[in-house]
Amino acid sequence: MSLARLRLIRDPRESGDRVRHLRSAWKATSAFAAMALFLIGLLAPQLAAQQSLPPAPYAYRQLEDPAKEAEAQALMETLRCLTCQSQSIADSDAAMAGDMRHQVRTRIAAGETPEAIRAWLVERYGDYVSYAPVVSETTWPLFAVPLLLAAGAGAILWRRLRRAR
Amino acid sequence: MRWWWWLPLLLFAGFLGVATYQLTQPKDDLVPSAMVGKPLPEFDLRAAAEGMPGVSTADFRDGKPRLLNIWASWCLPCIAEAPQLERLKQEGAEIVGIAIRDRPEDVAAFLARHGNPYTRIGGDDLSQVQLAIGSSGVPETFVIDGRGVIRYQHIGDIRAEHVPILLEKLQEAGE
């Protein structure tokens, strides 16, 4: 049985019957293969079901106004996909990222500013959802340490130059 | 050689030590909702399955604390937590469901196969309510008090050991 045919199985009960049939025919040698087929059969309808609802209207469709679309695109590139975590929602094909793009585009089209939309999401998911760096209680050392290091290096340089003269 | 010549090397060694330690720590994938402690946003969702009512914010403001379960018929861990939801229902918890990106016939098939612990199920086709309450995946379960305020969030499928915690949080929400 080819994988392509297996993918056509939508009803898990049907795939279960096939598995039992395979087992009786091939006995122990086919047990492993049957198990794999059974698992694929089990998963196939679930994966298929995930795709069954069409993507949100503005998940893959750009806004008619190119200026607004550019604004939306810039914002989407700095928002984290929550189910994939290391991608932006502009990069991800996850259904939830599509729904987030839809939300961003419809809100931009309705006249909301990108920063208001970002603030709305941060209010729900924390700074984690945004890739745009912010100075906060926990992140200030990231900004302060380079300044301190540069100041230290400047002080050493100044002392050396003064001594050399 | 003056002692402080070693300082940069020591700092670097210290940095390596911290980095090595952090690499051995398990990664925390959970994205907690910042909406815990805040009221539910306004929404009104269509019925996700035939013969069952939909869900709106007003349904949570009658004084009774409830569980709000974010799930979907296409979600595998949701099958795993179905028996635990059934247990919570038997313990007296009222469970309201929101089905994410789901078709009525798929919802009905899931309920027929894995049981129906819900009193209402709303269909969230664009994940709008999910985003509005700060949920980042399925399944997640929120404890909502009788005034419609989010009091607790459980991320991931409910296992047997989480049932007492949820019941406790539900009781706290009712006090």
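These questions and answers cover a predicted model with chains A and B.

Local features here need pLDDT of at least 70, side-chain atom pairs count only at pLDDT 80 or more, and totals for chains, interfaces and linings use all residues. Residues are numbered from 1 along each chain as its sequence is written, and chains are lettered from A and ligands numbered from 1 in the order in which they are written.

Q: How many residues of chain B are in contact with chain A?
A: Two residues are in contact if their C-beta atoms, placed from the backbone, lie within 7 Å. Chain A brings 20 residues to the contact, and the number from chain B is 20.

Q: How many charged residues are on the side of chain B that touches chain A?
A: Asp, Glu, Lys and Arg count as charged; Ala, Val, Leu, Ile, Met, Phe, Trp, Tyr, Cys and Pro as nonpolar; the others, Gly among them, as polar. That side has seven nonpolar and seven polar residues, and the charged ones number six.

Q: Why is α5(A) largely enclosed by the rest of the structure?
A: Helices are DSSP runs (H or I, at least four residues), as strands are (E, at least two), numbered from the N terminus. A residue is buried if 20 or more other C-beta atoms, placed from the backbone, lie within 10 Å of its own, exposed if 12 or fewer, and partly exposed in between. Among the buried residues of α5(A) are A:Asp99, A:Met100 and A:Arg101. α5(A) is largely enclosed because, of its 15 residues, the number buried is twelve.

Q: Which residues have the most contacts inside the largest nonpolar core?
A: A nonpolar core is a set of buried Ala, Val, Leu, Ile, Met, Phe, Trp, Tyr and Cys residues joined through C-beta atoms within 7 Å. The largest has 38 residues, and those with the most contacts inside it are B:Ala72, B:Ile98 and B:Ala99.

Q: Where does B:Ser127 lie?
A: Phi of B:Ser127 is positive, near 55°, in a residue other than glycine. B:Ser127 counts as buried, with 24 C-beta neighbours inside 10 Å. Its place is the loop between β5 and α4 of chain B.

Q: What is omega for the peptide bond from B:Val138 to B:Pro139?
A: B:Pro139 lies in the loop between α4 (128-132) and β6 of chain B. The bond is cis, with omega near -10°.
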